[in-house]
Amino acid sequence: MTMPVCDICCEELPSEAEMRTHLFLSHMENVMACPFCSLSGISYNELSFHINTAHIDKDCQDTKTTEVVSRQKNSNDWTVQSPNSTKTSNVNVKNMDKVSQASPQSPSQVNEMAFPITGTCLSQGTSTSLKSSPPAAATASGAIKLIRTTPTSSNNASREREDGCRKSKQKRLASPIKEGCFSCPMCSLVCKDCFILQEHVELHLQHQDAAEGASSEAVTSTEASSTSNGRSAVMHYECPMCSLSCSSSSSLQEHVELHLEYGSASATGHSSEDLTLARKLQEEEEQKWREAETRREAEDFKKLQQFGLDNSGGYRKQMERNMERAVSRGQMVPAEFHRKKAEMLESLASGVDDGRSKTSGLMEALCRYYQKDASDCAHVWLCAETDHYSSSEGDKGWGCGYRNFQMLLSSLHRMEQYNLLHVSVPSIPRVQALIEEAWGQGTDPQGASHFNHRLQGTRAWIGATEIYAVLTSFSVKARIVDFHKPTGPGDAHPRLFEWVKQYFSHSVSRVARLPPKVEQTTLPPVYLQHQGHSRSIVGVEQKVNGNLCLLLFDPGCAPREMRRVLSQDTAATMVRRMRKFSGGLKHRQYQVVAVEGLLTPEEKQSRILNSRTLCAEKIP
């Protein structure tokens with residue numbers, strides 16, 4: 001019975017079960033490593049394939065049996081001997097000239113030819129492993145492959161070249177491993193390292209070099225016939241990486257090594273190029289970031305300029321600059337300049353508005369106008385008596401919020417329930433101080449942080465939240481309603497018009513069966529804010545067809561224009577300018593501030609605490 005032999009370490013084992021145990025414990029459970037070279041870290045199947053293809057000529061460490069094959073020097077026959085038999089068999093090599101016709105890219109055909117050996121008696125207990133020196137190898141079927149070898153001098157030169165290659169390979173294997181997938185161009189093996197592939201290809205080439213000598217002897221008759229015909233047959237070896245053909249396997253080996261070394265150098269060069277490219281891209285990103293940061297800072301500064309937070313001065317400085325400009329242009333004499341400057345300083349010191357931009361009696365004039373000439377109106381609601389305050393030279397371009405607050409205060413001062421308020425309307429710098437005082441009480445801390453808790457001496461814009469904060473500090477109950485998106489076609493806000501109508505019509509007594517066409521209520525005007533501007537709603541018209549129209553006081557309208565309302569001859573023209581239909585208010589967002597009475601001390605304290613997270617009532 002034939003004892004199984006391990007394909008990896010050539011150890012004989014008594015049975016198949018012992019063989020499986022040996023493979024599991026000695027090879028599969030441990031780290032797989034080739035016993036003939038430095039290849040490791042692969043599976044059992046890959047290691048077996050590697051040994052059978054790359055180290056078929058290696059010597060297994062089995063000294064029990066050896067098959068010795070010798071070639072007769074003066075004969076064309078091979079002699080195969082078995083140590084357990086005295087019989088020999090001679091195989092006549094007649095068709096060896098066919099070897100020269102094999103392709104150089106098929107090493108299995110060039111290196112070896114299999115011949116069945118008859119008459120050779122092999123012991124059942126011997127191993128079929130062969131040494132590298134004899135030209136015979138055992139096959140799985142029991143046949144023996146005969147391999148031509150070169151003369152002894154050629155073998156010695158080949159061994160010296162192999163030793164040099166092994167030393168160079170050991171040096172290369174000491175370099176860092178670069179991950180990748182490299183397939184052998186001469187077989188189906190796939191390696192993860194270019195150096196392992198290089199070693200594997202060199203083994204193929206060594207087999208070709210050994211086969212070259214055998215082929216040269218095998219094709220002697222063919223060369224002789226070719227020479228007789230005046231031709232010489234030369235073996236050519238084609239490079240698997242380019243189209244170059246070499247005359248010998250050693251030249252091809254050196255050429256392939258140059259390919260592999262150049263590939264390693266190129267990989268290092270590519271790494272350097274990638275690092276340079278990465279640094280360049282990083283520098284470009286940093287440059288773009290710096291440019292974007294510069295643009296953002298410029299935009300923020302523009303916004304600060306727009307909101308008056310650029311430290312360019314407030315109401316007083318702007319008034320002085322405008323008067324100086326008027327003097328330089330000849331529009332004002334120096335004496336008038338000094339007189340107006342003194343009046344301005346006196347007004348600022350008192351904290352009371354000088355009244356130069358105020359227009360009174362407008363609501364009464366509007367009531368007379370609608371009673372006399374309003375044929376297209378089904379109903380008109382007007383607010384309580386309110387003075388109009390226009391922007392002056394000191395607040396032109398940024399003071400609309402302050403002027404609308406002055407209009408609201410002028411209406412509240414005329415109502416008995418708000419008699420706790422200041423009797424006079426404060427000036428714009430005084431309104432700024434009042435807002436800062438409201439922030440000091442804890443009202444609207446987010447708005448205070450936006451302005452850095454400072455309004456005096458600036459041209460900062462104010463909005464609905466600042467109006468709410470100062471009214472809360474006066475113990476006045478205010479309500480903010482936010483119409484944050486259009487509610488009608490064409491970006492219109494019909495819900496805003498309906499809300500204003502409900503605000504003015506709700507307080508009107510319904511005792512009379514037929515209410516009057518024109519009603520002047522006791523309600524103060526409504527503060528209306530949108531992006532970039534604010535106005536005051538002083539009334540609403542309902543047309544015969546049911547459409548609604550708001551009546552607005554605009555601080556941008558000059559006092560001389562507003563006085564035209566007081567005259568019956570020019571009132572109609574001014575009323576048309578004051579009207580705003582639904583199609584005329586197309587900003588995306590509007591906010592309104594409406595006064596609804598007074599606050600008790602408890603309600604005031606509660607509102608101050610709640611204003612830390614101030615949220616407007618949103619419609620819709």
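Modeller: Three helices, α8 (315-328), α9 (334-350) and α16 (559-562), each supply at least two residues of the lining of the second largest pocket, where helices (H or I, at least four residues) and strands (E, at least two) are DSSP runs numbered from the N terminus. This is a predicted model, in which local features need pLDDT of at least 70 and side-chain atom pairs count only at pLDDT 80 or more, while totals for chains, interfaces and linings use all residues. Residues are numbered from 1 along each chain as its sequence is written, and side-chain values use heavy atoms, with hydrogens and water left out.

The greatest contribution to the lining comes from α8, with 6 residues. The lining comprises 29 residues, and those nearest the centre of the pocket are M319, K340, S391, S392 and E393. By class, 10 of the lining residues are nonpolar, 7 are polar and 12 are charged (Ala, Val, Leu, Ile, Met, Phe, Trp, Tyr, Cys and Pro count as nonpolar, Asp, Glu, Lys and Arg as charged, and the others, Gly among them, as polar).

As for charged pairs, a search of the whole structure finds 17 salt bridges (a side-chain nitrogen of Lys or Arg within 4 Å of a carboxyl oxygen of Asp or Glu). In one of them K543 pairs with D376, with the closest N and O atoms 3.1 Å apart. This pair links distant parts of the chain, since K543 lies in strand β17 (residues 533-543) and D376 in the loop between α10 (362-372) and β12 (377-382), 167 residues apart. K543 counts as buried because its relative accessibility is 9%, whereas D376, at 37%, counts as partly exposed (buried means under 20% relative accessible area, exposed over 50%, and partly exposed in between, with a 1.4 Å probe and protein chains only).

K543 also forms a salt bridge with E541, the closest N and O atoms being 2.8 Å apart, and both E541 and K543 are buried. E541 in turn meets the side chain of R579 in a salt bridge of 3.0 Å, N to O. R579 lies in strand β19 (residues 579-581) and E541 in strand β17, so this pair ties together parts that are 38 residues apart in sequence. Both R579 and E541 are buried.

Conventions
1 Å grid on protein atoms, 1.4 Å probe; cavity = no way out; pocket = protein on both sides within 12 Å on 5 of 7 lines; lining within 4 Å.
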